[in-house]
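Student: Could you take me through one part of this model closely, namely how its neighbouring helices pack against one another?

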Amino acid sequence: MRITETRLTPSRLELIRPLRTARATYTLREGFLVHLVDEEGRVGQGEAMPLVEFGTESLSVCQQVLHSHLRGLREQNLADNLDAIEDAFALPSQGPGQGRALRLRPSEEVPHAPAADHAVEMALLDLLSQRREIPLCRLLDRAARQEVLVNALLTAEEPQELAEEARKAVAEGYKTLKLKVAGRPLDEDEARVRAVRQAVGPDVNIRLDANGGWTETEAVHAVDRLGWYGLELCEQPVPPQELRALWRLQRRAPFPLAADEALASPEAIPVLLGLAGGNARGAGVRPEAHGLGRFVAGADVRAPGGQHRLGGVRHERDGRSGVSGGGGAFGGGAALGPPGLGAGRGQPLRPRGALGAPLPARSGTHPAAGRAGTRAFSMSRVP
């Protein structure tokens with residue numbers, strides 16, 4: 001493919017309701033939309049929504065690197081295969097890319113910027129899937145599923161409001177609900193979890209996300225008390241750098257624990273699997289922090305005890321914007337995630353200049369295969 005035109009557009013997405021996590025309270029997200037046009041007029045779309053606390057670069061660095069990447073792509077030829085896209089993001093120290101000329105990081109001076117890389121990677125993958133006339137998920141894995149289960153992120157603070165939000169989500173067809181925990185007293189978190197469980201009954205999955213907000217001691221108390229509520233899993237209960245603490249906690253917890261922010265680099269995965277002796281329970285992959293095609297390509301990880309297929313792909317933004325970042329998450333989820341594990345679906349957003357037609361989830365699923373490219377995955381939903 002030859003890239004004949006590039007465009008970069010600022011994007012501002014306002015949350016309908018503030019989202020409180022153990023790290024911060026979010027009211028909006030800012031980033032950039034990337035458009036790449038090939039020689040036949042096809043348009044590939046990508047999205048960067050950086051969030052430093054989740055392992056990405058700052059907004060200003062993201063913009064700087066995006067401008068650099070787009071300059072490097074203009075009027076350049078790229079082979080129509082996944083290897084060429086992967087090689088384009090390789091560091092100079094990683095060799096000449098097996099003879100492939102295009103490198104978006106010609107020197108070490110280009111800052112590390114996973115969100116910017118993701119946006120351009122997503123646009124290139126979008127173009128490639130259109131050129132091959134297949135959906136993105138089938139480009140990544142020929143055996144990808146038609147639909148991806150999704151969870152509903154509950155954002156209310158008070159138990160009574162949270163219970164009502166949970167009932168509405170279940171009425172919409174969601175079978176998995178997600179709550180943010182930590183950053184508040186454990187008594188409050190237990191009351192919130194209890195309210196949701198009482199509201200939806202025993203047959204709905206409830207998962208927690210602590211965003212690394214507990215110390216190991218606090219996490220031990222939390223899993224002991226919250227384990228009584230039949231939880232599906234808990235994401236990142238301890239700080240991301242404390243891999244051994246996560247392993248020790250998993251040996252005690254009555255439900256699976258999933259690494260999330262700990263996966264700021266895929267290199268953490270063999271470490272986690274090795275610490276667990278091959279019994280690591282899950283990994284939540286954020287395309288904007290970890291990459292999509294490159295991560296799916298390396299999803300089969302060798303570790304003591306055998307080979308492991310990792311899963312749990314979701315959109316970094318925990319929201320629905322109607323642009324290709326969501327498509328990347330659900331394309332990756334269809335190609336990578338376990339069939340019974342819901343991918344992330346989050347807080348509704350009010351787009352500012354976002355693209356894509358509304359496509360709400362149907363009975364707790366999002367389509368993962370449709371027409372070529374990523375726009376089959378449009379996730380926009382604006383009340």
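Predicted model: local features only at pLDDT ≥ 70, side-chain atom pairs only at ≥ 80, totals over all residues.

Tutor: Helix α7 covers residues 216-226, and its axis comes within 10 Å of the axis of helix α8, residues 243-252, the two crossing at roughly 20 degrees. Because angles under 35 degrees count as roughly parallel, α7 and α8 are therefore roughly parallel to each other, and their crossing is right-handed. On the α7 side the contact involves Glu216, Ala219, Val220, Val223 and Asp224, which meet Ala245, Arg248, Leu249 and Arg252 of α8. Sorted by class, this contact of α7 with α8 holds 5 nonpolar and 4 charged residues, with no polar residue.

Turning to the other partner, helix α6, residues 186-200, packs with α7 at an angle of about 30 degrees, and the axes of these two helices lie 11 Å apart. That angle makes α6 roughly parallel to α7, and α6 passes α7 in a right-handed crossing. Here Leu186, Asp187, Glu190 and Val193 of α6 make the contact with His221, Ala222, Arg225 and Leu226 of α7. By class, the contact of α6 with α7 has 4 nonpolar, 1 polar and 3 charged residues.

Taken together, α7 is roughly parallel to α8 and α6 is roughly parallel to α7, while the residues of α7 that take part include Val220 and Val223 in the contact with α8, and His221 and Ala222 in the contact with α6.

How values were computed: Residues numbered from 1 in each chain as written. Heavy atoms only, no water. Axes fitted to C-alpha atoms, helices over the stretch in contact; angles between N-to-C directions. Helix = DSSP H or I, 4+ residues; strand = E, 2+ residues; numbered from the N terminus. Parallel < 35°, antiparallel > 145°, perpendicular 65-115°, else oblique. Left-handed = near helix turned anticlockwise from the far one by under 90°. Contact = heavy atoms within 4.5 Å. Nonpolar A, V, L, I, M, F, W, Y, C, P; charged D, E, K, R; others polar.
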